[in-house]
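Student: Could we go through this one together, starting with the open space and then moving on to how the helices pack?

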Amino acid sequence: MPKNLRTYLEQLKNACPEELLEVPKPVDCRLEATTLLRKLELEGKNPMVVFRSPKALSGEPSRYPLVFNAFSTRRKFCAALEMDLNDYKMPLSMEMHSRFKKRIPPVAIDPKDAPVKEEIRTGEAASFYDLPIPIHHTFDGGPYLLGGTVVTRDPDSGNCNLAMIRIQIKDAHTAVIHAEPHHHTGMNIRKYGERGQKAPIAVVIGHHPGFFLGSEWEGVYGTEEYEIAGAALGEAVRLVPSETWGETLMVPADAEMILECEVDWSDRREEGPIGEHTRHYKNRKGGQVIQQLDPHVELLAMTSRKDAYFQSLFIGHAEHWLIGSIPKEAVIFEKVRATCPGVQAVHMTPGGCGRYICYISLKQRVGGEARDAILAAFVSDWHLKYAVAVDDDVDVFSDSEVLWAIATRTQPATSTFVIPGVMGATVDPTVDSRTKISSVMGIDATKPFGTPFSDVCEVPLDMLESMRLEDYL
């Protein structure tokens, strides 16, 4: 059976049922659903939640269950990729790195065999208002499509780009897409606009986590990214022609739902505000909204399974951070290893929103190698603001372990360095959106190389490894 959201649900039920929660009670997609997610989060729980009876944007009961938190823990990704659940640390990231090297071309199938073609609505019959599209946070400018992958096509090469891009719903048939002109999605849409054409896009709602991990791959512009999604999925993505553009824009056959839209690059409309992965608003400051204009979107067709799930993403929280950070960890590890072969692991921390703080564990060969590793990490990903290098006896997947190393193995005057005047992420509220200039800080929390240092007190590790708590409790 091809991998999809439903096979993933079965994987969770079998491998880690505690990671799945079903809510039968009716909930409003406007703030109530995300408030429950936040309540769970504050109690240390991040299960995948299936709201069985959500309200649609129209206010009427929706026929589509609303899904959140599909990506909210590393254990879920292990289950999805058929890995041992205990391999949720660096082995998970390296599994993604290995898969990305083995691209799998997509395959076309007969539309009659495509689950996503079980129901087809076009024109006025296709309406955003029939869907449980959430409003996430108090000051959001409206409901947003989040958690779906936007498929665009390069009109020059014909290759498709996949990216998780936000889309604000304006009414039943129109929306606004936040397509940055220097990002690959924006580059493709802009090409159509410069030719006086509207850009075709397809929004893929609901699929296996492997497909979305492929959507988060960051590489060379112009790559056929259905091949990357296939690599992450571990099998070819099955494609069918779209209803609107046929074989010109192919769409995933095993998705829950496809929204076919046109984007007018020249027609700019107000977008936002919306909370970002930083848990801050980019264009709301001091209670005042800063106007932002983005391209207009028109909904043309909607295809779906008869009993489709509507999958969203809780922006600015665990699943948002993880879906972006795990592919980054693999890329940074490989690039740091080219400079420092002793690197053991890297971790993009949830506290750093999966973007801004990187922990690096390494076994040094020579003095100064820790700083080389930090510099290599900064070159690998321009989002980074802080990189911390620690010895290989420190677990980089534990904030308390890294903070312990900082507390006991650094001196502020000699163990830190700052590089000013580098490119920053404009969604970071500390970065000036006009200049885009930031700075980065490295923290060398390793023991001095080649110099005796205070020994660590620890119980016998062989006894620790073999001891079973159930024999004592």
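**Pocket and helix packing**

Tutor: The largest share of the lining of the largest pocket, 9 residues, comes from α8. This is a predicted model, in which local features need pLDDT of at least 70 and side-chain atom pairs count only at 80 or more, while totals for chains, interfaces and linings use all residues. Residues are numbered from 1 along each chain, and side-chain values use heavy atoms, without hydrogens or water.

Student: Which other elements give two or more residues to that lining?

Tutor: Besides α8 (318–339), they are β10 (160–163), α5 (184–194) and α9 (369–380), with helices (H or I, at least four residues) and strands (E, at least two) taken as DSSP runs numbered from the N terminus.

Student: And how many residues line the largest pocket, and which lie nearest its centre?

Tutor: The lining has 50 residues, and those nearest the centre are Ile165, His183, Glu218, Trp382 and His383. A pocket is an open set of points on a 1 Å grid where a 1.4 Å probe fits, with protein on both sides within 12 Å along at least five of seven lines, and lining residues have an atom within 4 Å of a point.

Student: What is the lining like by class?

Tutor: The largest pocket is lined by 20 nonpolar, 17 polar and 13 charged residues; Asp, Glu, Lys and Arg count as charged, Ala, Val, Leu, Ile, Met, Phe, Trp, Tyr, Cys and Pro as nonpolar, and the others as polar.

Student: How do the axes of α4 and α7 cross?

Tutor: The axes of α4 (residues 90–100) and α7 (residues 225–233) come within 8 Å and cross at roughly 135°, and that makes α4 oblique to α7.

Student: What does α4 meet in α7?

Tutor: Met96, Arg99 and Phe100 of α4 meet Ile228, Ala231, Ala232 and Leu233 of α7. By class, the contact of α4 with α7 has 6 nonpolar residues, no polar ones and 1 charged.

Definitions and conventions
Axes fitted to C-alpha atoms, helices over the stretch in contact; angles between N-to-C directions. Parallel < 35°, antiparallel > 145°, perpendicular 65-115°, else oblique. Contact = heavy atoms within 4.5 Å.
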